[in-house]
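Here are my notebook entries from a first look around. Keep the view open and follow along with me.

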Amino acid sequence: MAQAAVLRAQNRANQKGSDPRVATCRGKLQNKRSRLNQEINKELRLRAGAENLFKATTNRKLRETVALELSFVNSNLQLLKEQLAELNSSVELYQNESAEPATPMIPLGLKETKEIDFREPFKDFILEHYSEDGGRYENAISEFMDIRQAMRTPLRDKSGVALLFQYYSQLYFVERRFFPPDRSLGIYFEWYDSLTGVPSCQRTVAFEKACVLFNIGALYTQLGARQDRQTARGLDQAVDSFLRAAGTFTYICDNFTNAPSMDLGPHMLQMLVQLMLAQARECLFEKLELQSRDPCDEDQIDDTRDIDVSLDLAQESAQVADVYGLVHDLISASAVKDYVPFSWVALARLKREYYTSLAHFHCANGLLARPLAHLDERTKEALQFMHGEPDVRTQLDIRVPADDGERKLLGRAHLRAALLCVEESQRQQRMCRELRDKLALQAVLRRTHDRAMDAYAVHEDEEEFRELLDPPRILASTKFQLSLTSPDFSQFRVEDPFRSLGPVAIFSARHHWTAPRQVTLQRADDEGFGFSVRGDAPVIVAAVDNGSLADFGGMKEGDFIVSIGDKDVKWAAHEQVVKLIKEAGDSLTLKLVTPMDRNYLKASNKNSNKGSVSAGSSSGEPSPACSVAGSTTKKLTWNPFRKQRERDSGFEASNVILR
């Protein structure tokens with residue numbers, strides 16, 4: 001009980017942490033996205049109605065009017081979607097506000113949903129299915145609705161993630177309690193696409209779970225983008241956040257299929273996974289570059305890094321360029337390209353060129369900083385490996401320099417390639433309207449270009465630079481493997497708000513049982529009640545002796561004991577139930593339910609009490625069968641759908657008092 005109280009206190013603390021949406025720039029952005037989603041939904045309904053009218057009418061003038069209205073609606077929809085795409089391109093609002101510029105990351109906005117009133121459907125289902133008063137669970141239903149309302153606007157920190165996980169874990173209990181597979185409660189979960197704003201609606205809790213998981217992944221992307229990437233600790237946290245986001249999107253892709261929303265489609269999720277892995281790889285490279293930098297020289301134009309370190313950075317940078325190339329291929333696919341902002345496509349292409357430039361730059365620095373005599377065999381092997389096999393597109397056929405002349409020529413060729421690639425990335429930034437306004441990105445590209453130009457000027461030789469050819473391509477390689485972090489649901493434990501209904505494995509919407517019936521057994525002298533029990537939570541009637549009080553009272557093998565007297569025992573252990581039966585004395589009142597789904601109960605031998613504790617007598621030992629004097633013992637037949645009076649013995653089978 002103390003542990004449950006602690007869990008409830010933590011849950012209430014998380015619920016109070018919801019974001020009012022107007023306190024921060026990120027909150028205002030999410031608020032604008034919410035309004036646009038509602039306007040898009042309105043225009044979609046208008047378009048659907050106009051299209052139906054256009055198909056139904058035969059009046060030429062009316063058709064012309066409807067066609068004109070349709071053109072206006074489609075135009076408005078296009079404008080609204082462009083505004084939403086522009087909001088999704090506003091990545092600078094999610095970045096860390098550092099004085100040092102850094103390449104922007106791509107975070108995701110949260111999916112929006114509508115508020116749902118669960119009170120009446122849940123209370124009606126409790127009365128109908130569980131045969132209990134739904135009013136007793138008013139507080140539990142309100143608590144569930146409160147947490148759903150709070151999770152719509154989580155804070156951008158660990159408490160926001162915990163809130164979303166808490167709601168997701170509560171959905172496990174709610175789905176099993178209130179959503180039977182063969183019928184609908186009339187509850188619809190409506191969510192807006194995070195990229196297009198198009199609403200999707202389904203009755204299944206699986207759709208609700210997938211959308212909540214998407215928001216968990218989206219929140220991780222925002223946490224990763226906000227980290228201070230000028231420190232090793234901030235870069236570690238950014239890598240962890242992006243890997244958790246990738247693991248969450250992978251979990252959605254593996255466990256939720258046929259989602260109606262575009263952002264939950266397999267092609268989109270695969271692209272998002274690769275995008276998060278690319279951003280994690282980028283942060284890892286930035287950490288390696290930070291750790292290898294000379295603290296006395298911030299710009300480090302005349303790079304003093306060890307050549308082996310420079311070659312490692314070159315290959316790591318080429319690895320980042322390769323993964324962004326994969327992202328660009330996935331994001332350019334027809335199933336994805338039309339649904340994502342163009343700035344995402346442009347930024348993936350830009351980063352591919354940018355990190356290719358850094359790969360050539362670090363390789364050039366390593367070659368030009370040391371004479372050939374300082375290159376050991378291990379370094380030469382690294383050069384041969386990183387340059388790979390000769391490429392038909394490569395004009396300079398030098399993989400390992402034979403003398404200092406070839407070393408300088410190869411280094412200057414890599415410097416020239418670095419300049420060409422960074423200039424291409426600058427051109428791509430100018431070509432994209434959204435990226436053109438990203439001042440931090442512009443500053444990073446300018447700084448990289450200036451650094452390459454300064455190195456170019458230091459090693460300039462007019463005669464040789466006119467004859468420079470393309471250097472060999474740098475093969476991508478990494479010494480660090482990134483592994484996805486799947487969602488850890490066990491870390492965020494919650495309490496079942498509807499625990500009073502009984503163990504969820506038995507008392508769920510999937511299983512069926514009869515309405516509760518009360519049985520009162522009154523015994524005389526030392527005779528036993530004539531039944532035995534087994535199991536825990538709930539305790540099950542294991543056997544009923546023929547002709548006993550329990551038999552005449554209507555108890556059946558396999559019945560669940562849900563209460564003894566006024567005490568609810570659905571969660572009681574076997575020993576507790578036996579103790580309550582012994583303490584009842586000569587008068588025992590039980591409330592029983594008979595399961596209709598007997599396939600999930602273990603079969604037991606009615607004529608044997610092995611492996612069970614008997615409740616046949618006050619001592620706990622089985623008692624012989626007894627019969628009513630002057631009458632013939634007769635097996636009662638019981639219909640779970642209606643009460644049936646046993647004429648021969650003269651009592652009602654649903655409520656029996658034997659004296």
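In what sense do strand 6 and strand 8 pair, and over how many bridges? I looked it up: strand 6 (residues 560–564) pairs with strand 8 in the antiparallel sense, over four bridges. Two strands pair here if DSSP finds at least two bridges between them. Helices (H or I, at least four residues) and strands (E, at least two) are DSSP runs, numbered from the N terminus.

A note on what I am looking at: this is a predicted model, where local features need pLDDT of at least 70, side-chain atom pairs count only at pLDDT 80 or more, and totals for chains, interfaces and linings use all residues. Residues are numbered from 1 along each chain as its sequence is written, and side-chain values use heavy atoms, with hydrogens and water left out.

**Entry: strand 8**
I found Ile561 bridged to Leu592 in strand 8. Strand 8 (residues 587–593) also pairs with strand 3 (residues 517–522), in the antiparallel sense over six bridges. There, I noted Leu590 of strand 8 as the bridge partner of Val519.

**Entry: helices 4 and 5**
Next I turned to helix 4 (residues 119–129) and helix 5 (residues 138–151), which pack at an angle of about 140 degrees with their axes 10 Å apart. The axes are lines fitted to C-alpha atoms, for helices over the stretch in contact, and angles run from 0 to 180 degrees between N-to-C directions. That angle makes helix 4 oblique to helix 5 (under 35 degrees counts as roughly parallel, over 145 as roughly antiparallel, 65 to 115 as roughly perpendicular, and the rest as oblique).

Which residues make the contact? From helix 4 I listed Arg119, Phe122 and Lys123, and from helix 5 Glu138, Ile141, Ser142, Phe144 and Met145; contact means heavy atoms within 4.5 Å. I sorted these residues into four nonpolar, one polar and three charged.

**Entry: two loops**
In the loop between helix 4 and helix 5 I came to Ser131. Its phi is near 55 degrees, a positive value in a residue other than glycine. Most residues other than glycine have a negative phi, and most peptide bonds are trans. Ser131 is partly exposed, with a relative accessible area of 34% (buried is under 20%, exposed over 50%, partly exposed in between, with a 1.4 Å probe and protein chains only).

My last stop was the loop between strand 4 (531–534) and strand 5 (539–544), where Pro538 sits. A cis peptide bond joins Ala537 and Pro538, with omega about 0 degrees. Ala537 has a positive phi of about 40 degrees although it is not a glycine. I noted Ala537 as partly exposed, at 23% relative accessible area.

How values were computed: Ala, Val, Leu, Ile, Met, Phe, Trp, Tyr, Cys and Pro count as nonpolar, Asp, Glu, Lys and Arg as charged, and the others, Gly among them, as polar.
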